Amino acid sequence: MSNREKHDRMANAIRALAMDAVEAAKSGHPGMPMGMADVATVLFGKVLKFDPTDPHWPDRDRFILSAGHGSMLIYALLYLTGYEGMTLDDLKNFRQLGSRTPGHPEYGHTVGIETTTGPLGQGLANSVGFALAERMLAAQFGGDLVDHHTYVICGDGCLMEGLSEEAIEIAGRQKLNKLIVFWDDNHITIDGSTALSVATDQLARFEASGWDATRVDGHDPDAILAAIERAKTSDKPSLIACRTTIGYGAPNKGGTNGVHGAPLGAAEIAAARAFLNWEYEPFVIPSDVLDAWRLAGLRSRQAHKAWLERLKAADLEKRGEFERRVRGDLPSRTSDVVAGVIAKARADGGAVATRKSSEIVLEALTAALPEMLGGSADLTHSNNTKTKATSVYVEPPKYDGRYMNWGIREHGMAAAMNGIALHGGFIPYGGTFLVFSDYCRPSIRLAALMGVRVVYVFTHDSIGVGEDGPTHQPVEQIAALRAIPNLLVFRPCDTVETAEAWKLALEHKTGPSVLALTRQNLPLLRTDAGTERCLTARGAYELVAASGEAKVSLFASGSEVSLAMAAREQLQAQGVPTRVVSVPSFELFLNQPDESRKQVVGKAPVKIAIEAAIRQGWDAIVGSDAAFVGMHGFGASGPAPEVFAHFGITVEGVVATALSRLKS
Ligand SMILES: Cc1ncc(C[n+]2csc(CCOP(=O)(O)OP(=O)(O)O)c2C)c(N)n1
């Protein structure tokens, strides 16, 4: 059999499995896997460094299917190359509840999936983080241990999404030459021809951002291989535009949007089998083809062994540290570092903005944790994210810095941070204003869905922003973030809570965390020195008890906790026993056992929640009959104290609310 025949049979196995699985599921996307089968066969058959027996081998090449709707492409490849976690039965169960072959590839759910994709553009933007992490880890541990490529398949949709622009610019600026992107240039999206919606010269676009860009016939294996070999020698990231026919092999529907996202149907499948010379029953892979694929799966065995030898031969300390970094375990000193910050904050006293508190904590943490990678979307000096330890920028060609200037690209930053965290070896944190968390939201959601450790430093967390006005004053963002499952949202009230929140965020290995921090100064409230308790871990706790049986419970987060404390003073002075509950994290509180929650909520007849944001979410804690002092609409431009007064978020406002509730 000629090489070309062998290639065709291997590629046709992918095509057949894609059409059969989509047909069995009565849903799915056969067009993309059929169209990109040739590219995938060259990549997995000849180029990609991977070992199906160890999907977590740290120095494997990464493959990211940004066009996640074509999930059958990767599932077919995982089966064919011999991953234990992917069987023919899994393919037959495509898209079924509980299967290992969900509609779109899900990280952590299916072996061999590097990142969850489906929301178009995310995978491509994640890949920038992967490629960056590879360069940075290589800078810290050497090319002996870290030397791999990141390959991406993306579609027209990925390139149309605005996120792709941010990702492309970051990759070009960072000269990520080990990032190689295949664009499935098939001229088709769901609604029809790409000409309906795009007139961009994509090659020129990539080149303008510092990439190499080339075009190949995506059905010519020799041309594809040659393009990859060229890309590997480039000093820039590479785009390989692969001109393909969507649904290649389906003689009537191929090349049309009819094959994008629907089963081909029995007649077209029969016609495709005839066209492709594929005479086998559904889900049957002839042994010559399976053998060829399994051999491809063994291709990197030797490289893997050699890598293990190099790891074994490495200096013991370096090896231990590399393994710790890859596992994502924190150094044992982390707790002591945080305790040290807290002790010093108590000794220093004084009022500081929690963004400054965060900087103080970060100074200590980044010095102790080399895996922490800082950054900001051009708001470094507002977010207070840069420290002495992270003062050097990540820069080609050395990549030994620890701080990313992401530019004004919040979405690109958040998506790349997902890639960095998924790659392993780093804990990325990145800053912007809380109001612009909306620009990061699709990637935050995916971080939470995947359960990866990324920390968002969102400062300027309320109308306390002041003069910048309602465009910059978040009111609904905290509630919106609290709505994302598996995302911890912290709104600390002082330096102690901020330190505790950072500790909890770092320990939260299975999900992202948000720190919502103030621009304005806040007094130190947690003066409970001598105790080792991390009260923030409870999500909410009684900060001060009432003198006497509590008539009023004040619940507050962040900057409003000090306001609650001042209101309590006045109420107590007027003979109204009042307690204050600090609520730094809804999620952690709602996870507490019923009994402890009841205790914290207490039995005071009047409950008031205070937060300079909308009420949504508070009812789950204080009940819908409680009063709320906060925001009911957008903010206003003016000096912060005047804006707070304008909206009635004041000590007097809280006291008046309490007194009127007590009377009624
Ligand atoms: C952010 C986002 N918007 C919309 C969709 C729905 N969607 C899935 S595939 C697709 C068309 C993608 O076209 P293309 O990338 O050319 O894929 P192809 O038709 O070649 O398979 C759309 C709109 C999505 N998955 N993600």
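Trainee: So which backbone has a polar atom 2.7 Å from an oxygen atom of the ligand?
Mentor: That's Gly157. Keep in mind that this is a predicted model.

Trainee: And how much of the ligand does the protein bury?
Mentor: The protein buries 74% of the 590 Å² that the ligand exposes when taken alone.

Trainee: Which side chain puts a polar atom 2.7 Å from a ligand oxygen?
Mentor: His260 does that. There's also a ligand nitrogen, 2.8 Å from a polar backbone atom of Gly118.

Trainee: How many residues surround the ligand?
Mentor: 16 of them, and the closest are His69, Gly157, Asn186, Ile188 and His260. By class, that shell has six nonpolar, seven polar and three charged residues.

Trainee: Which elements give two or more residues to the shell?
Mentor: Those are α6 (156-160) and β4 (188-189).

Trainee: OK, switching topic. How much space lies in the largest pocket?
Mentor: About 720 Å³. The pocket is lined by 34 residues, and Tyr107, Val326, Ala421, Leu422 and Gly424 are the closest to its centre.

Trainee: Which element gives the most to that lining?
Mentor: α13, with four residues. The elements giving two or more are α5 (122-141), α13 (316-327) and α17 (410-423).

Trainee: And what does the lining of the largest pocket have by class?
Mentor: You'll find 13 nonpolar, 11 polar and 10 charged residues there.

Technical notes
Residues numbered from 1 in each chain as written. Predicted model: local features only at pLDDT ≥ 70, side-chain atom pairs only at ≥ 80, totals over all residues. Heavy atoms only, no water. Near = heavy atom within 4 Å. Polar contact = N/O pair within 3.5 Å; in protein donor to acceptor, adjacent residues only side chain to side chain. Areas by Shrake-Rupley, 256 points an atom, 1.4 Å probe, with all protein chains shown as cover. Nonpolar A, V, L, I, M, F, W, Y, C, P; charged D, E, K, R; others polar. 1 Å grid on protein atoms, 1.4 Å probe; cavity = no way out; pocket = protein on both sides within 12 Å on 5 of 7 lines; lining within 4 Å. Points joined across faces, edges and corners; volume = space filled by probe spheres on them.
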